[in-house]
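Work through the exercises below with the sequence and coordinates open. Each task is followed by a solution in steps.

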Amino acid sequence: MYRSIIAIAALGIVSLATTQAEAALNVFTCEPEWAALTTVLGGSDVDVFTATTALQDPHQIQARPALISRLRNADIVVCTGAELEVGWMPVLLRQSSNAKVQPGAPGYFEASQQVTLLEKPERLDRADGDVHPAGNPHLQTDPRNMRIIAQALAKRLAVVDPAHADGYAQREQAFDARLGQTIEQLQTQAASLKGVKFVSYHKSWIYLANWLGMIEAANIEPKPGVPPGSAYIADLLGRIPALQARMIVYAAYEDPKPSQFIADKSGLPAVMLPFTVGGTDGAKDIISFYEDTVKRLLAAAGGKGG
Amino acid sequence: MAISVHTQRLAATSLLVALPLMFNSPAKADDLADVRKDMQAMQRQYQASLQKIQTDYEAKIKAMEKRLEAAESKTAIATTKADDAQKAVAVVQAAPAPVVQTAAASQDTGNVQANAGAFNPAIGVVLDGKAMASGRNPNNYRIRGFALGDQAKPPPRGPSIGESEINLQANVDQALFANLTVAFENDNSVSIEEAFIQPTALPWGLTAKVGRFFSGIGYMNEQHAHTWDFADAPLPYMAFLNGQYGDDGVQMRWLAPTNRFLEFGVEALRGASFPANGISEALASNHNGGAGAWSAFVHTGDDIGDSASYSTGLSYLGTRSSNRATNPVGGTAGSDQFSGSDHTLIADAIYKWAPNGNFAQTYLKLQSEFFVRKESGSFTSLNFPGATGTATTKPFNGGLQTGFYAQAVYQFIPFWRAGIRYDQVHAPSLGSTFAGTTLDSQNSTPSRYSAMIDYTTSEFGRFRLQYNRDQARTASDNQFILQYTVSIGAHGAHQY
């Protein structure tokens, strides 16, 4: 009796489930920037799924059932790596039963493996907060990194999907030219940001700062991943005049309240940056993501006598 | 110094090798003194040249160290320069096709070669402690109408360390993964909670587990107890599964190739745990060591927009028992015995919601599981009416026993969560035949109300305060549980 109940239930669920079998390469991306990049490089040859949105903290993602099934059907995984996804990707990969996309396979691509990571911690101790042993993983905020990763990803897509290798290579060249131009333009525009100091909520902007020559003077989080207490905020407010910071920077997915509070008390402008594609209305794709970021920084710096 | 000792030995050895050669040479071999002189000269020369090589090397190493230091500080500075990107592009372009291998190798070689423990498994340790205050003695715990296994009771009164757990896991090779979880109990006994291997390269979405593991039935069953949202198991888990069902055997799962999550699983198990009792041995003559328990389950789930997701499933567990001994409250230990079969059906549903799907700030988790069980066979007791004190065996058909729990947990600000839970079980009345035995439900529906609040110091540390209004026994009981759970070492997995 029980066996027949199970069989009937199982059949019902199967008929509910939608079966999909596209010819395009199934790409599972961990963050929206990699979805945008893969879409640019893959065009109609790829079918891209994003595990997270720009409004979600990529450190804290649930290992949702939908992610397991998307991984199971993926031909290639494109993630940041450097332990950004350590809380959820290993579980998903294990449950996905998909040998094609396990670490070490050609179908597993980590952006952090392609570029030099900054802020590699000198000591590893969880007393220091949410530390990433390989270095700071928020590498997408520097377009020069994006250029290198685009090249590596196009090659990888060609390895996984040799039939469309020419397409990947051509689109990569076109994208590289456009991004190269954008970088030059933005660098000229952002020349006045050089040396500008800022306070940020999380250590998310080191690569952006590096690119534009800006200086991260302090973080609102006392340690990465640790929310500030009132005593720490008071202490930070006391230090801000001496830091000579010109703005407070926070990401679209972060709670704006602590940053706004510090901004109100210190009189500095608080600027929300997209952090990834889709974080703001202006950040529609990779190129406009960088354009919007620079625009917002310039506006904040200009508003405060810059 | 090790190096100079080594040098002298080297010189001596080479001299020994050189000696017979020299004696064999026809010229200048007559005068022993000459030979000795030559030898000494050669030795000096040899040592001098060795020393030169040594100092040369030392100088070279120092120079290399300096260059390395310079290069390191340069990379730190150079990354600020615009042309660095181009340089890196050139490096990547120069590298042959499989980019990941070359990049990974160049980054890690140093560490890998220096570290002999590089292949050690990932080690994770969980420490769990509780303090409990209750109006009634947890050792006299019972759920009216149910014969309970040894784990089905509240935590002990007073402070106690719960289960401390050590987990080791690693890939065995290209084909296998292995996992071991050892639990150290409060009474200093050690038990193997999980010990399984798992093939990693099966095709068609298939995966398997072989060894000891928590069964995939239900929702909470497969998760380690320290990851649960309350400090104790819900009443149906206690009554029907003795807290949690883990067993030795084989599990096979198939993940359907759909975008909606859809998974089927079957397990053939030893039947070593309650509600079974190791039938492979107990009924060896009948079953020739076959499986004493088997299960089947199906789980499905999906996203509902960006903000929400759900998971639901249906599971079956079938077990057989032969003289399964349980303890009647206040009676002789092990004097209650059951022989027969258990068919347990579990339906589960989980729903999670966070604004924009961002779980960092606030989120809501709703969870419920519904149990139905049919237990039938024969029951032996000292407490049958009219036969008090003598073991009597009577046929037993428990009817449809039911139970469920429903709980809601809400993270109201980062690091702080609050939750409420209601759970109940029910065993149909068995009439006057079973009056006074453990199985006499006294026409009751044992139930419990719980509330908890927890604070996490990070994803690795948590403190929890829980209150239970427990009505499983005839008189209700107020229980306060304070719990801490920390995990150190390898980053733990967070299942859905």
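**Exercise 1. Helix 2 of chain A**

Task: List the buried residues of helix 2 of chain A, state how many of its residues are buried, and give the phi of the residue that follows the helix.

Solution. 
- Step 1. The model is predicted, and a residue counts as buried under 20% relative accessible area.
- Step 2. Applied to helix 2 of chain A, this cut-off selects Pro32(A), Glu33(A), Trp34(A), Ala35(A), Ala36(A), Leu37(A), Thr38(A), Leu41(A) and Gly42(A).
- Step 3. The helix has 11 residues, of which 9 are buried, and is thus mostly covered.
- Step 4. Gly43(A) follows helix 2 of chain A and has a positive phi, near 55 degrees.

**Exercise 2. Chain A as a whole**

Solution. 
- Step 1. The assignment for chain A gives 10 helices and 8 strands.
- Step 2. Chain A has 306 residues, and 57% of them count as buried.
- Step 3. Taking the contacts in chain A between residues at least 6 apart in sequence, 63% are between residues at least 24 apart.

**Exercise 3. The disulfide**

Task: Find the disulfide in the structure, describe its geometry, and say which parts of chain A it ties together.

Solution. 
- Step 1. Searching the whole structure, over all chains, gives 1 disulfide.
- Step 2. The partners are Cys30(A) and Cys79(A), with 1.9 Å between their sulfur atoms.
- Step 3. The angle about the S-S bond is 50 degrees, and the link of Cys30(A) and Cys79(A) is right-handed.
- Step 4. Cys30(A) is in the loop between strand 1 (25-29) and helix 2 (32-42) of chain A, and Cys79(A) is in strand 3 (residues 76-79), so the pair ties together parts that are 49 residues apart in sequence.
- Step 5. Both ends can be checked for burial: Cys30(A) is buried at a relative accessible area of 0%, and Cys79(A) is buried at 1%.

**Exercise 4. A helix pair**

Task: Describe how helix 8 and helix 9 of chain A pack, using their angle and the distance between their axes, and name residues that meet.

Solution. 
- Step 1. Two numbers describe a pair of packed helices: the angle between the axes and the distance between them.
- Step 2. For helix 8 (residues 230-243) and helix 9 (residues 256-266) of chain A, the angle is about 45 degrees and the axes are 10 Å apart.
- Step 3. Helix 8 of chain A is therefore oblique to helix 9 of chain A.
- Step 4. The two helices, helix 8 and helix 9 of chain A, cross in a right-handed sense.
- Step 5. From helix 8 of chain A, Ile233(A), Leu236(A), Leu237(A) and Ile240(A) meet Phe261(A), Ile262(A), Lys265(A) and Ser266(A) of helix 9.
- Step 6. In an α-helix there are 3.6 residues a turn, so residues three or four places apart point the same way.

**Exercise 5. Backbone angles**

Solution. 
- Step 1. Pro275(B) belongs to the loop between strand 8 (261-269) and helix 6 (279-282) of chain B.

**Exercise 6. A loop serine**

Task: Is Ser441(B) buried or exposed, and which residues does it contact?

Solution. 
- Step 1. Ser441(B) is in the loop between strand 14 (416-426) and strand 15 (447-458) of chain B.
- Step 2. Its relative accessible area is 1%, and Ser441(B) is buried.
- Step 3. Leaving aside neighbours within four places in sequence, Ser441(B) is in contact with Arg144(B), Gly145(B), Ala427(B), Pro428(B) and Ser429(B).

Key:
Residues are numbered from 1 along each chain as its sequence is written. Chains are lettered from A and ligands numbered from 1 in the order in which they are written. This is a predicted model: local features need pLDDT of at least 70, side-chain atom pairs count only at pLDDT 80 or more; totals for chains, interfaces and linings use all residues. Side-chain values use heavy atoms; hydrogens and water are left out. Helices (H or I, at least four residues) and strands (E, at least two) are DSSP runs, numbered from the N terminus. Buried means under 20% relative accessible area, exposed over 50%, partly exposed in between (1.4 Å probe, protein chains only). Contact means heavy atoms within 4.5 Å. A disulfide is a pair of cysteine sulfur atoms within 2.5 Å. Axes are lines fitted to C-alpha atoms, for helices over the stretch in contact, and angles run from 0 to 180 degrees between N-to-C directions. Angles under 35 degrees count as roughly parallel, over 145 as roughly antiparallel, 65 to 115 as roughly perpendicular and the rest as oblique. A crossing is left-handed if the near helix is turned anticlockwise from the far one by less than a right angle, and right-handed if clockwise.
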